[in-house]
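Hi,

Here's the structure I promised to pass on.

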Amino acid sequence: MTDTRDLEKKFWKALDKDRTVMLGASGVEPRPMTAMAEDQHAPLWFFTSIDTELAQSLEGTGAGHAASASFVSKDHDLFATITGQVMIDNDRAVIDRLWNPFVAAWYEDGKDDPKLRLLRMDAAEAHVWLNENSLLAGVKMLLGVDPKKDYDDKVGDVPLR
């Protein structure tokens, strides 16, 4: 049985370290975005510009769109597909908390740039795969041991709400 608490802990640690996801929404192809989470829990936050197709698809709707994000840790030890809803949420308090020099470099007028949009992804679930022992699995296969049994606790659905 998969221990989703362990998968969740590893997911948040990897996402906090690497942050780049491929974010897509209804009718909008996935694109690389920098995900930010506070205290290792949903929602995920993304700074973008109104000039992007994603922000334009959400502008003025007042509601979210179904969204998914794909994530691969830099060391390829963890893979995840995150599903939920994405919407524009220009909450100034959140902008102030998440603002940093990397984000500031994209906006001429800083936090008051009229093109700035803060997206909130209310992530419902992540399907997580761990790839911690691919070399060990290869050795076991050579010795006639089925490596799939060890893989059972390396994949699972993690609720993120």
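Searching the whole structure, which is a predicted model, turns up four aromatic pairs. Rings of Phe, Tyr and Trp (for Trp, the six-membered ring) pair if their centres lie within 6.5 Å; planes under 30 degrees apart are stacked, over 60 edge-to-face, and the rest tilted.

One of them is phenylalanine 11 with phenylalanine 71: the centres are 6.5 Å apart and the planes sit at 85 degrees, so this pair is edge-to-face. It ties together distant parts of the chain, with phenylalanine 11 in helix α1 (residues 4–18) and phenylalanine 71 in strand β5 (residues 65–72), 60 residues apart. Helices (H or I, at least four residues) and strands (E, at least two) are DSSP runs, numbered from the N terminus. Phenylalanine 11 counts as buried because its relative accessibility is 0%, and phenylalanine 71 counts as buried at 2%. Buried here means under 20% relative accessible area, exposed over 50%, and partly exposed in between (1.4 Å probe, protein chains only). Phe11 and Phe71 also belong to one aromatic cluster together with Trp12.

Another pair is phenylalanine 47 with tryptophan 99, again edge-to-face, at 5.8 Å centre to centre and 80 degrees between the planes. This one also links distant parts of the chain: phenylalanine 47 is in strand β4, tryptophan 99 in the loop between α3 (92–98) and α4 (101–104), 52 residues apart. Phenylalanine 47 is buried at 13% relative accessibility, and tryptophan 99 is buried at 19%.

Phenylalanine 47 has a place in the strand pairing too: its bridge partner in β7 is leucine 118. Strands β4 (residues 41–49) and β7 (residues 116–130) run antiparallel and are joined by six bridges. Two strands pair if DSSP finds at least two bridges between them. β7 also pairs with β6 (residues 78–88), in the antiparallel sense over eleven bridges, and there isoleucine 88 stands opposite leucine 119.

How far to trust it? The protein's average pLDDT (the predictor's confidence in each residue, from 0 to 100) is 88, and 82% of the residues score at least 70. Confidence is highest in α3, with a mean of 98, and lowest in helix α5 (residues 134–142), with a mean of 55. Where pLDDT is low, the predicted coordinates should not be read in detail.

On bookkeeping, residues are numbered from 1 along each chain as its sequence is written, and side-chain values use heavy atoms, leaving out hydrogens and water. Local features need pLDDT of at least 70 and side-chain atom pairs count only at pLDDT 80 or more, while totals for chains, interfaces and linings use all residues.

Cheers
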